[in-house]
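These are my notes from a first look through this structure. I wrote down what I looked up, entry by entry.

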Amino acid sequence: IRGTLKSWTKLWCVLKPGVLLVYKTPKNGQWVGTVLLNACELIERPSKKDGFCFKLFHPLEQSIWAIKGPKGEAVGSITQPLPSSYLIIRAASESDGRCWMDALELALKCSSLLKRTMIREGKEHDLNSSADSTHVSLYGLLRANNLHSGENLPLNDSEIERQHFKDQDTYSDKSDKENDHDHEESDNDGLGKSEESDSDTSERQDDSYVDPEPLDIKETTYLEQSHEELGEAGEAAQTEVVSEENKSLIWTLLKQVRPGMDLSKVVLPTFILEPRSFLDKLSDYYYHADFLSEAALEENAYNRMKKVVKWYLSGFYKKPKGLKKPYNPILGETFRCMWIHPRTNSKTFYIAEQVSHHPPISAFYVSNRKDGFCLSGSILAKSKFYGNSLSAILDGEGRLTFLNRGEDYVMTMPYAHCKGILYGTMTLELGGTVNITCEKTGYSATIEFKLKPFLGNNDSVNQISGKIKLGKEVLAILEGHWDSEVTISEKKTDVSETFWNPTSDIKQRRLPRYTVKFEEQDDFESEKLWQQVTRAINNKDQTEATQEKYVLEEAQRKSAKERKLKGEEWTCKLFDQDAVTGEWHYKYADTRPWDPLNDMIQFEKDGTIQTKVRHRTPMVSVPKIKRKPAGQKKGDCGFSSPEPDNQDSSGSEAQLLKHNTRIRKKGADLGELQSAIESIKETQEDIKRDIMALRNRVTSNSPPVDYHFLQFKHYVFILLVVLLQLIINFLFK
């Protein structure tokens, strides 16, 4: 086992139901520690050392150790210090390591199965009836305490130890055993009512979707999207033939700009607009969100990265016919939609808001707690004009999180490049290099979107190439086209196969999208806000579309002037900006892993994504949480959101206060760090000014250069060359 000092120690491990016991010697006399497997996950870990390595870890980086030994030991034998949230173990050979991994994986799977079985039975077994009583009692305790609920609460490890090691050999004397038995009976009596009432609902739910009672829940009404435009693969769907009337509009527009200029403040003609908002456009990535559901369940980290890359590529083939640009969102504009997953009976919710107009920043949040993932990010849209072409740059990143694993996948986006504005055919392409990185696992992917070469053929349109790596080692190569087939070549096996191909069958099986019922939309929601412009564009009435677009933009300018005169700052409805990092965060984010025993259904109302729960539980708080007033009544069922009830029991107030204190402390530390950085920058500027002053002084004291002499030398050299050329011409005449 590798210690915190990066050196290896030879220890003796014993696998028992629910725990891994670590001893100093094979005699089981010198106990070192006990790992609680119910909170652990297991992965294979590459190593340069001989043998076979694997890693046991807590997905949320909490302690995996019990606080007492099997015989009540409070202090283990002295060895080198071991990590608190993980263990890296190396077996002597690959066969031994595989054997250990198989045994540990089986223990983890059987633990989950036994827990579910006990929940359905709804009763406790006699703890002393068999040798397996320790296993049963542990998961009886798991059921009572909801250890798999994903809440960030301290676990009572002493109770787990006492319940787990309750066999004949683990008690120091008879009196301890009798006292413990009496205490356990009183605990069972106290838990009897709650377990009996929960048994029916837990058994009926069975980790599946439960329809809420109509009176208990008020949620937004969503309707399935009726019309959707899917452009064909290849260059034909990305070109636009501009009429003579529209060409004159383009020339008028080009008189306002110059090469290298940012086009964010330039009013674009309506004939190039796609009749939907940019906030709506960003949702195109989630029609195949079921790939993320599969990735969340994937145990192998490499396969998990491949599924994430596959999902990422699935967001590009949906494109309008021709060269179209979505509306620039109005400040405060919002957009909501969702997708229903038939296989898991879950919902993926998408929430977006325009949080800044100058510069134009769009923030978004995606959540499917039941399937174990959420995604957040913000995009700063910039555009550059280059003469005959322009580029739309999406500056920012998205952060995909697998809730049960505590893994973040950070990804960037390509830029859109439009060429042929002045001459040639107007064509839209994607370009640039994007990265998908998971710091926790060490896996990363790099994908290059290639622009068509000047003399390229049709096959060179929309090309991509990429690599999937572990550290610096390349594991696989990707080649193909972002709007059609992509192949993958595994380095170890030299086998190539289709990685992703949006065939007609794939497109038919993609998730249906649902949008908010028009009557329930707010005035600043995209569809209602742009309805007049959209209607005019669909009717091919460019004049009316331009007028309606001008009305919206003028209203936005007027509102900005009024706020400036009053000295007011714009307040976002759904997102907050971190004062230290500058990142935008969804106000009502809930990143707890799904608890099938307590969580019933995830829903959305007025832009707030919430969870209907059977019993109120303490929330894992995040910075800048808004809380509900304490007057709300408390019942058997409730709603779990980042607005928890102030009357929650089980020490939720203490936990929330402690967590907020820790966050404030981290914020203060970051503030001090930022001020230190600013001080260093100011010192650097002072040093630069001193260096410039010294240079100017040295230059002024140096003797003047005879520029006339230098020019005379040049004239002499040119004269000699001319004479030499005349002589050569005379000789070879």
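Entry 1, a helix pair. I began with α7 and α8, which are roughly antiparallel to each other (the term is used for angles over 145 degrees; under 35 degrees counts as roughly parallel, 65 to 115 as roughly perpendicular and the rest as oblique). The axes of α7 (residues 290-297) and α8 (residues 301-313) cross at roughly 170 degrees and come within 9 Å. Axes here are lines fitted to C-alpha atoms, for helices over the stretch in contact, and angles run from 0 to 180 degrees between N-to-C directions. Helices (H or I, at least four residues) and strands (E, at least two) are DSSP runs numbered from the N terminus.

I then looked up which residues meet. From α7 I noted Phe291, Leu292, Glu294 and Ala295, which meet Arg304, Lys307, Val308, Lys310 and Trp311 in α8; contact means heavy atoms within 4.5 Å.

The model is predicted, and local features need pLDDT of at least 70, side-chain atom pairs count only at pLDDT 80 or more, while totals for chains, interfaces and linings use all residues. Residues are numbered from 1 along each chain as its sequence is written, and side-chain values use heavy atoms, with hydrogens and water left out.

At what angle do α11 and α12 pack? I found about 165 degrees for α11 (residues 531-538) and α12 (residues 542-566), with the axes 8 Å apart. That angle makes α11 roughly antiparallel to α12. The crossing of α11 past α12 is left-handed, a word used if the near helix is turned anticlockwise from the far one by less than a right angle (right-handed if clockwise). On the α11 side I listed Gln532, Val533, Arg535, Ala536 and Ile537; they meet Glu544, Ala545, Glu548, Lys549 and Leu552 in α12.

I found 3 strands in an open antiparallel sheet, ordered β1-β2-β3. Two strands pair if DSSP finds at least two bridges between them. β1 (12-16) and β3 (31-36) are at the edges with a single partner strand each, so one side of each has no neighbour in the sheet. Neighbouring strands are turned by 20 degrees against each other on average, direction ignored. Strand β2 (residues 19-23) runs antiparallel to β3 and is joined to it by 5 bridges. Opposite valine 19 I found leucine 36 in β3.

What does its side chain touch by a polar contact? The partner of threonine 9 is the side chain of glutamine 80, at 2.5 Å. A polar contact is a pair of N or O atoms within 3.5 Å; within protein, one must be able to donate a hydrogen and the other to accept it, and residues adjacent in sequence count only if both atoms are side-chain atoms. Leaving aside neighbours within four places in sequence, threonine 9 is in contact with Ile1 and Gln80.

I noted 3 strands in the order β4-β5-β6, forming an open sheet with antiparallel pairing. Its edge strands, β4 (41-44) and β6 (86-91), each pair on one side only. The twist from one strand to the next averages 20 degrees. Between β5 (residues 52-57) and β6, which run antiparallel, I found 6 bridges. Phenylalanine 52 has alanine 91 as its bridge partner in β6.
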